[in-house]
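Subject: Structure handover

Hello,

Here is the structure for you to look at. My notes on it follow below.

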Amino acid sequence: LSINQGLTPAYSLPPGAENRLYRSATWYDTEFDKLTDKVGCCFEANGYRLLTEAEWEIAAVFGRSESDLLRLQWLEDEAWFGQVDGETQPVGLKEVSPLGCYDVFGNVWEWVWDAYSAIAYQPSQLGDAVDPVGPVREAQHTYYYHHKRINNVLRGGSWHTPAKKLRFSHRGVVDAAYRNPRYGLRICRAV
């Protein structure tokens, strides 16, 4: 998308990686596994990319009062959630958020750039960060694989998520190579 629009791509792969990815039979292919922790992101590029977790939080809370953040009365108007037998809905059918974004909560969990870390939000980890980009993307042992994988953060919940879990602070975590119809993404770019 970035290249098609004459923009500088935000992501980079090691030399020759693109050819290996196109030949990959499945998402769980061994070749793909070797590349997932080698993707780089240049946040200064003007091409499209995933939001960082910090950027997602700004988009989610922007323009909301403290009482809105606590009561979540706006949820019914802006989010698809709590539908056990539901499905992903077309974007834009609910009300827009104060920042002008649709479906920040519910509909689909949104991938963010950040790799998961249980301590990422501790003050000692943030320091003086203005827009942190999360912990170093490195493979970690996961409970459902016997080898190391990158675990990414998901934010916002999906149409299946109950209302009590649609909180600004709720974070999902999943293997970066896992697919699910309740997962999606939101892209952004520097202007």
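Of the 191 residues in the protein chain, 39% count as buried. Buried here means under 20% relative accessible area, exposed means over 50%, and partly exposed covers what lies in between (1.4 Å probe, protein chains only).

This is a predicted model, so local features need pLDDT of at least 70 and side-chain atom pairs count only at pLDDT 80 or more, while totals for chains, interfaces and linings use all residues. Residues are numbered from 1 along each chain as its sequence is written, and side-chain values use heavy atoms, with hydrogens and water left out.

Overall picture

The protein chain has six helices and 10 strands. Both are DSSP runs numbered from the N terminus: helices are H or I with at least four residues, strands are E with at least two. Accessible areas come from the Shrake-Rupley method with a 1.4 Å probe; for residues, only the protein chains shown count as cover. Take the contacts in the protein chain between residues at least 6 apart in sequence: 71% of them join residues at least 24 apart. Contact means heavy atoms within 4.5 Å.

Four strands form an open sheet, in the order 8-7-4-9, with mixed pairing. Strand 8 (171-175) and strand 9 stand at the edges with a single partner strand each, so one side of each has no neighbour in the sheet. From one strand to the next, the twist averages 50°. Axes are lines fitted to C-alpha atoms, for helices over the stretch in contact, and angles run from 0 to 180 degrees between N-to-C directions. Two strands pair if DSSP finds at least two bridges between them.

Going through the pairs:

- Strands 7 and 8 are antiparallel, with five bridges. V153 stands opposite V173 in strand 8.
- Strand 4 and strand 7 (residues 151-155) are antiparallel, with three bridges. E110 has R155 as its bridge partner in strand 7.
- Strands 4 and 9 run parallel and are joined by three bridges. Here the bridge partner of E110 is G184, in strand 9.

Strand 4 (residues 109-115) is mostly covered, with seven of its seven residues buried.

Helix 3

Helix 3 spans residues 53-61, and its buried residues are E53, A54, E55, W56, A59 and A60. What covers them? Strand 3 (49-50), strand 4, strand 7, strand 8 and strand 10 (187-188) are among the covering elements. Just after helix 3, G63 takes a positive phi of about 75°.

Two residues are worth a look here. D103 is found in the loop between helix 5 (75-78) and strand 4. D103 is not a glycine, yet its phi is positive, at about 55°. D103 counts as buried because its relative accessibility is 5%. N107 lies in the loop between helix 5 and strand 4. Its phi is near 65°, a positive value in a residue other than glycine. N107 is buried too, with a relative accessible area of 3%.

A surface patch

L1, L185 and I187 make a nonpolar surface patch of about 300 Å². Patches are made of residues with over 30% relative accessible area and no salt bridge; like charges are joined within 9 Å, nonpolar side chains (Val, Leu, Ile, Met, Phe, Trp, Tyr) within 5 Å. A salt bridge is a side-chain nitrogen of Lys or Arg within 4 Å of a carboxyl oxygen of Asp or Glu. L185 lies in strand 9 (residues 183-185). L185 counts as exposed, because its relative accessibility is 54%.

Best wishes
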